[in-house]
Amino acid sequence: MRVTVDPLVCEANGVCVGLAPEVFDLTDEDELVILAPDVPAGEADRVRHAVRSCPKAALSIEE
Ligand code: SF4
């Protein structure tokens, strides 16, 4: 499973970082960084939840 972000849509509000901090992080410049684009199996449920919870729908999953 891979997760990607559309940086033109992301508003860096940190919702996904709060839900899956092992996978998402924000830089000091408020840019979203995906730490683990190839999502580890143990993080898959958290990442799916984060993708559903993104208020901008900026995240996408490829299974
Ligand atoms: S939840 Fe969505 S808008 Fe917020 S930081 Fe994550 S990808 Fe960006």
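**Exercise 1. A charged patch**

Which residues gather in a patch of negative charge on the surface?

Solution. In this predicted model, the patch consists of Asp28, Glu29, Asp30 and Glu31. Glu29 sits in the loop that links β2 (24–26) to β3 (32–34). Asp30 belongs to the loop between β2 and β3 as well.

**Exercise 2. Cover at Glu29**

Is Glu29 buried or exposed?

Solution. Take the relative accessibility of Glu29, 62%. The cut-off for exposed is over 50%. Glu29 therefore counts as exposed.

**Exercise 3. Positive phi**

Find what the backbone of Asp30 and that of Ala57 show, and locate Ala57.

Solution. Start with Asp30. Its phi is positive, about 60°, although Asp30 is not a glycine. Now turn to Ala57. Here phi is positive too, about 55°, and again the residue is not a glycine. Ala57 is found in the loop between α2 (44–53) and β4 (59–62). Finally, check its cover. Ala57 has 63% relative accessibility, so it counts as exposed.

**Exercise 4. Cysteines**

How many disulfides does the structure hold? Classify Cys10 and Cys16 by accessibility.

Solution. Begin with the count. The structure holds zero disulfides. A pair would need its cysteine sulfur atoms within 2.5 Å. Then take Cys10. Its relative accessibility is 24%. Buried requires under 20%, and exposed requires over 50%. Cys10 therefore counts as partly exposed.

Note on methods. Residues numbered from 1 in each chain as written. Predicted model: local features only at pLDDT ≥ 70, side-chain atom pairs only at ≥ 80, totals over all residues. Heavy atoms only, no water. Buried < 20%, exposed > 50% of the residue type's maximum accessible area, 1.4 Å probe, protein only. Patch = residues over 30% accessible without salt bridge, like charges linked within 9 Å, V, L, I, M, F, W, Y side chains within 5 Å. Areas by Shrake-Rupley, 256 points an atom, 1.4 Å probe, with all protein chains shown as cover. Salt bridge = Lys/Arg side-chain N within 4 Å of Asp/Glu carboxyl O. Lys, Arg positive; Asp, Glu negative; His and termini not counted. Charge placed at Lys NZ, Arg CZ, Asp CG, Glu CD. Helix = DSSP H or I, 4+ residues; strand = E, 2+ residues; numbered from the N terminus.
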